[in-house]
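Biologist: I would like to learn how to read packing in a model. Shall we take the features one by one?

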Amino acid sequence: MVNAVEETADSPEPCVVGVDYGTLSGRAVVVRVRDGAELGSAEHVYAHAVLDRALPDGTRLPPDWALQVPTDYLDVLRHAVPAALEAAGVRPEQVIGIGTDFTACTVLPVLADGTPLCDLPEYAGRPHAYVKLWKHHAAQAQADRITVLAAERKEPWLARYGGKISSEWEFAKALQLLEEDPELYARTERWLEAADWIVWRLCGSYLRNACTAGYKGQYQDGSYPSREYLSALNPAFADFVTDKLEHPIGQLGDLAGTLTAEAAAWTGLPEGIAVCVGNVDAHVTAPAAGAVDPGQMVAIMGTSTCHVMSSDQQGTVPGMCGVVDGGILPGLWGYEAGQSGVGDIFGWFIRTSLPAAYAEEAAALGRDPHEHLTALAAGQAVGEHGLIALDWHSGNRSVLVDHDLSGVVVGLTLSTRPEDVYRALLEATAFGTRTIIEAFETSGVPVEELIIAGGLTKNALLMQIYADVTRRPLGVIASTQGPALGAAMHAAVAAGAYADIQAAARTMGKADRGVYLPDPQRAAAYDRLYAEYQLLHDYFGRGTNDVMHRLRHIRAEASA
């Protein structure tokens, strides 16, 4: 898919390219350095999408697995980047740099030269040889052990992650590899983020980025978890850091290297232009939205939601995904929290629960199913459907950090309609975001402003629900390609066009403030529903009733 805007480059002004690697596709955008104008963009859908049922050769996967094929990422460079250039009407020689962002924690095992193990014919049928996508949640047992042992040993880094380590992160996934396929673990010479692998392929040199090292790799105050700690987890894991993980770290916006001849041939860009250090999709979006001051929280809403914010206050927020010095912007503490499923939940409901009559009515009205259910739900008063839901269909990232939790809908009757459940699911995700904001504020880390980015900003009902539930005005990023724009902005810094990302953000970043305002009456009605959400949240999520965990064990036994 290719998109061009009316404005094109009529003069040879410097431009940069940003490439955003999402869950299902990669998007490239061409951006003018002078003012951040997005001149053209293109999208390339991954041929293999997400492997959650079987490998390409048919090998079946257990529950909670989510893998990808790394050659799909290279295809984005081959197809989306040239198409974006063409759409922009920009000549290759105008481009001075390229930046990338990636989902995280998305990791893969490679040889010393960067070859993914799944590219080796002898490992094509081995699940652990593939990329483990961010939503691979099959390492929960390892994550639990990592957390418990760290708490027992009073490891100082644990507090920086809100007291819990996620199954989505580097150490849990690596420990799962060791314990389930030790032969492949031994064959792994580097364990690295896809964010760094793609930069390696672009410039020919491997540099670990500070963002994923800090948030996903437990790198704090210049070091990773100690050898003694890792040995206590599993003696065979003792040298994981020194043998497979540790590598020089590049700061965000730094130059990783220059574009190789091979990558120039893929992309159609000039050999030798700046290649920026890798970054994470959510974190690059903050400066793209102009959020460079303390207390400006950006919620990037798509298949999941990631909440990022910089602050001059260092605090311990229960269930946060991490606080990293300079993790988003230099000179400030960068905070991350998130929800594992948001758009994915809405998509699941459409796939599994939309009656044929509704699909036919939507088609007759020229609406897609989401638009149709949204229009039907928008006519309801708050609480009219009589439902409350928990948004845990993909587990809970913040504040419980437990991916063995699952979704709940309470209040169903024989009169409940699809639009009722759909609206309850929309509201549940808003309640989840309010839970995160309140965790920050009760921990002494104020949230002064909420700005929304990502594909879900196009749903006006959802945005209004978030404003009403959180009782906050919502700003909206003025770009449909926030992560790609942020990646391009970092490329402009790496190329020397701006002194730092703050300077780039003040010129190239863009957001509209106060687009959605809370309605006092609806907000009061939502306060009552939120109180019920909190009761269910703590009842199922904090150990009063562990039925969700028991059901997981029953499912695992039955699947085996």
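Modeller: Start with a crossing: helix 2 passes helix 3 in a right-handed way. A crossing is left-handed if the near helix is turned anticlockwise from the far one by less than a right angle, and right-handed if clockwise. Helices (H or I, at least four residues) and strands (E, at least two) are DSSP runs, numbered from the N terminus. The model is predicted, so local features need pLDDT of at least 70 and side-chain atom pairs pLDDT 80 or more, while totals for chains, interfaces and linings use all residues. Residues count from 1 along each chain as its sequence is written, and side-chain values use heavy atoms, without hydrogens and water.

Biologist: What are the angle and the axis distance for helix 2 and helix 3?

Modeller: In general, two packed helices are described by the angle between their axes and the distance between the axes. Axes are lines fitted to C-alpha atoms, for helices over the stretch in contact, and angles run from 0 to 180 degrees between N-to-C directions. Here helix 2 (residues 140-153) meets helix 3 (residues 170-180) at about 115 degrees, with the axes 8 Å apart.

Biologist: Which residues make the contact?

Modeller: Contact means heavy atoms within 4.5 Å. Helix 2 brings Gln142, Ala143, Arg145 and Ile146. Helix 3 answers with Phe171, Ala172, Leu175, Gln176, Glu179 and Glu180. Five of the contact residues are nonpolar, two polar and three charged. Nonpolar covers Ala, Val, Leu, Ile, Met, Phe, Trp, Tyr, Cys and Pro; charged covers Asp, Glu, Lys and Arg; the others, Gly among them, are polar.

Biologist: Is helix 3 mostly covered or mostly open?

Modeller: Mostly covered: nine of its eleven residues are buried. Buried means under 20% relative accessible area, exposed over 50%, and partly exposed in between (1.4 Å probe, protein chains only). The buried residues of helix 3 include Phe171, Ala172, Leu175 and Gln176.

Biologist: Now rings. How many aromatic pairs does the structure hold?

Modeller: It holds 22. Rings of Phe, Tyr and Trp (its six-membered ring) pair if their centres lie within 6.5 Å; planes under 30 degrees apart are stacked, over 60 edge-to-face, and the rest tilted. Take Tyr335 and Phe440: their centres are 5.6 Å apart and their planes at 70 degrees, so the pair is edge-to-face. Tyr335 sits in strand 17 (residues 333-339) and Phe440 in helix 14 (residues 418-442), so this pair links distant parts of the chain, 105 residues apart. Tyr335 is buried at 0%. Phe440 is buried at 1%.

Biologist: What class of pair do Trp348 and Phe349 form?

Modeller: A tilted one, with 6.3 Å centre to centre and 55 degrees between the planes. Trp348 is partly exposed at 34%, whereas Phe349 is buried at 5%.

Biologist: Which rings link into a cluster?

Modeller: Tyr21, Tyr46, Tyr73, Phe102 and Trp197 do, through ring pairs.

Biologist: What lies over the face of Tyr185?

Modeller: Lys244, at 4.7 Å from the ring centre. A charge sits over a ring if NZ of Lys or CZ of Arg is within 6 Å of the ring centre and within 35 degrees of the ring normal.

Biologist: Last, single residues. Where does Gly514 lie, and what does Gly514 touch?

Modeller: Gly514 is in strand 22 (residues 511-516). It is partly exposed at 35%. Leaving out residues up to four places away in sequence, Gly514 touches Pro473, Leu474 and Gly475.

Biologist: And where is Arg555?

Modeller: In helix 19 (residues 547-559). Arg555 is partly exposed at 37%. With the exclusion of residues up to four places away in sequence, Arg555 touches Pro63 and Asp64.
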